[in-house]
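Colleague: I am new to this structure and would like to go through it with you. Could we start as soon as it is on the screen?

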Amino acid sequence: MKDKRVIKIKDPRLRKIRNEFRNLWSSAETVRWRGFGDEMEEIRFDKNDDHRILIEERSPENLKYYRSLQEAQQDLRENFRRSICMCYTCGRADLDMYYNKAYNAWWCVECVGMFRVMHPQMKEKYADKDPRFYDFDEGFGESFL
Ligand SMILES: [Zn+2]
């Protein structure tokens, strides 16, 4: 895939279909995400004694498995956030998307437009500031130009 690319759909009917596919994928992701959560909840809860099992009470194997479920859940969410189905910054799913290979993620064209306007302004604003005291990510802004 190219370093940067925009996927635009002009036909309103095709946009509607695209958005419905994104919503469908989002729903599937949510179902899988909740599945991990349900499994974690079962591990956390002792049904015989009707109480939540403390971390100290868990076996190393149980805790390791629980952490693997947490990681799988986080990976699933992060991969979805980086997908073309939603903007990495604002989360919108109904706009044309822009891929930025430097961050291996997609942004909506509105956020990209905002970055392109804001970056030169921020660069000028922070040009004479000590970078130790300001959190200005110049590389991020540059990657959208
Ligand atoms: Zn956005």
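Colleague: How many residues lie between S4 and S5 in their hairpin?

Modeller: There are 4 residues between S4 and S5 in that hairpin. Strands (E, at least two residues) and helices (H or I, at least four) are DSSP runs, numbered from the N terminus. Please note that this is a predicted model: local features need pLDDT of at least 70 and side-chain atom pairs count only at pLDDT 80 or more, while totals for chains, interfaces and linings use all residues. Residues are numbered from 1 along each chain as its sequence is written.

Colleague: In what sense do S4 and S5 pair?

Modeller: S4 and S5 are antiparallel, with 4 bridges; strands count as paired if DSSP finds at least two bridges between them. Tyr98 is opposite Trp107 in S5.

Colleague: And which strand pairs with S1?

Modeller: Strand S1 (residues 4-7) pairs with S4, in the antiparallel sense and over 4 bridges. Arg5 is opposite Tyr99 in S4.

Colleague: Is Asn104 buried or exposed?

Modeller: Asn104 is exposed, because it has 10 other C-beta atoms within 10 Å.

Colleague: New topic. How many residues has the largest nonpolar core?

Modeller: The largest nonpolar core has 12 residues, including Met86, Leu95, Trp106 and Phe115. Such a core is a set of buried Ala, Val, Leu, Ile, Met, Phe, Trp, Tyr and Cys residues joined through C-beta atoms within 7 Å. S4, S5 and H3 each supply at least two residues of this core, and the largest share, 4 residues, comes from S5.

Colleague: Which residues of H3 are buried?

Modeller: They are Cys111, Val112 and Phe115. These buried residues pack against strand S4 (97-100), strand S5 (105-108) and helix H4 (138-142), where contact requires C-beta atoms, placed from the backbone, within 7 Å.

Colleague: Where does H3 bend?

Modeller: H3 bends by about 30° at Met118, and Pro120 follows within four residues. The bend is the angle between axes fitted to the seven residues ending at a residue and the seven starting there.

Technical notes. A residue is buried if 20 or more other C-beta atoms lie within 10 Å of its own, exposed if 12 or fewer, and partly exposed in between; C-beta atoms are placed from the backbone. Two residues are in contact if their C-beta atoms, placed from the backbone, lie within 7 Å.
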